[in-house]
Amino acid sequence: KLTAKEFARLPKTYQQLAQGQLNLYSLFIDVSLRLTAPGGQLGLITPAGFFGGQSFGALRALLRREATVTQVDFIEPRNGAFLNVEQETALTLLRKDANQNTRTAVFVTNNARGFLSLGSFPAPAEPAAPWVLPRCKQDLKAVRAFDSPRWRLEDYGYQPKTGYLVPHRMPMPLLKSRGRKRAVYPLIWAT
């Protein structure tokens, strides 16, 4: 991650990626894309967090504007693939073009011996929105429910958010009073 001082020295063209604290790999992906010829292919080893993390919305929007994410290969198990890697990792394949393809082929390693196809999945309508991609075969049913949801969290009064959770810094209390009644805000956590 970049400090505020490091971020201030960046050219304005890269500051467009800032949404929260900027990660170096966001800059690396941007520079890699800029150096790729139109129609060229780009393969990157990326942390999987950029597919859904709140602070990577600007990066996802950039990729939707200037490239097509043709394939994502999730690496499981993490240990043994790369030394001292604590994050989920993916091989992300891009083609530099005005995004024509709105579906991404997704694969996952199969016992570290090969890749298993999980199918092809649509990109979200909103360019900066999180990309809902399965990480394993068991995720397929849940991911397909996102294609045509009958109900949304907003229908029940929830405001979904992604990103880091630091309970002592949350702007919204988890328990709140309304008159003599208490309103509870449930917390749904997924890793």
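Predicted model: local features only at pLDDT ≥ 70, side-chain atom pairs only at ≥ 80, totals over all residues.
Biologist: What kind of pair do the rings of phenylalanine 50 and tryptophan 131 make?

Modeller: A pair of aromatic rings is described by the distance of the centres and the angle of the planes. Five aromatic pairs are counted in this model. For phenylalanine 50 and tryptophan 131 the centres are 6.1 Å apart and the planes stand at 65°, and since planes over 60 degrees apart count as edge-to-face, the pair is edge-to-face.

Biologist: How many residues apart in sequence are the parts that phenylalanine 50 and tryptophan 131 tie together?

Modeller: Phenylalanine 50 belongs to the loop between strand S1 (41–47) and helix H4 (57–66), whereas tryptophan 131 belongs to the loop between strand S5 (115–122) and helix H5 (140–145). Both residues, phenylalanine 50 and tryptophan 131, are buried. Because the two loops are separated along the chain, the pair ties together parts whose distance in sequence is 81 residues.

Biologist: Is the pair of phenylalanine 51 and tryptophan 131 stacked, edge-to-face or tilted?

Modeller: The ring centres of phenylalanine 51 and tryptophan 131 lie 5.7 Å apart, with the planes at 40°. Planes under 30 degrees apart would count as stacked and those over 60 as edge-to-face, so this pair is tilted.

Biologist: Which residues of the largest nonpolar core touch the most other members?

Modeller: This core has 31 residues, and the elements that give two or more residues to it include helix H3 (24–35), strand S2 (67–75) and strand S3 (89–96). Phenylalanine 51, which is buried at 0% relative accessibility, has among its contacts Val72, Phe74, Ala90 and Leu133. The residues touching the most other members are Phe50, Phe51, Phe74 and Leu133.

Biologist: Which residue forms a salt bridge with arginine 135?

Modeller: Side chains of opposite charge can pair when their charged atoms come close. Arginine 135 is partly exposed at 22% relative accessibility, and the closest N and O atoms of its salt bridge are 3.3 Å apart. Because arginine 135 lies in the loop between S5 and H5 and its partner in the loop between S2 and S3, the pair ties together parts 47 residues apart in sequence. The partner is glutamate 88.

Biologist: By about how much of a helix are aspartate 30 and arginine 34 separated?

Modeller: The side chains of aspartate 30 and arginine 34 meet in a salt bridge at 2.8 Å, N to O. Aspartate 30 is buried, with a relative accessible area of 2%, whereas arginine 34 is partly exposed at 37%. Because they are four residues apart in helix H3, their separation is about one helical turn.

Methods: Residues numbered from 1 in each chain as written. Heavy atoms only, no water. Phe/Tyr/Trp six-rings, centres within 6.5 Å; stacked < 30°, edge-to-face > 60°. Buried < 20%, exposed > 50% of the residue type's maximum accessible area, 1.4 Å probe, protein only. Core = buried A, V, L, I, M, F, W, Y, C linked by side-chain atoms within 4.5 Å. Contact = heavy atoms within 4.5 Å. Salt bridge = Lys/Arg side-chain N within 4 Å of Asp/Glu carboxyl O. Lists of a residue's contacts leave out its neighbours within four places in sequence.
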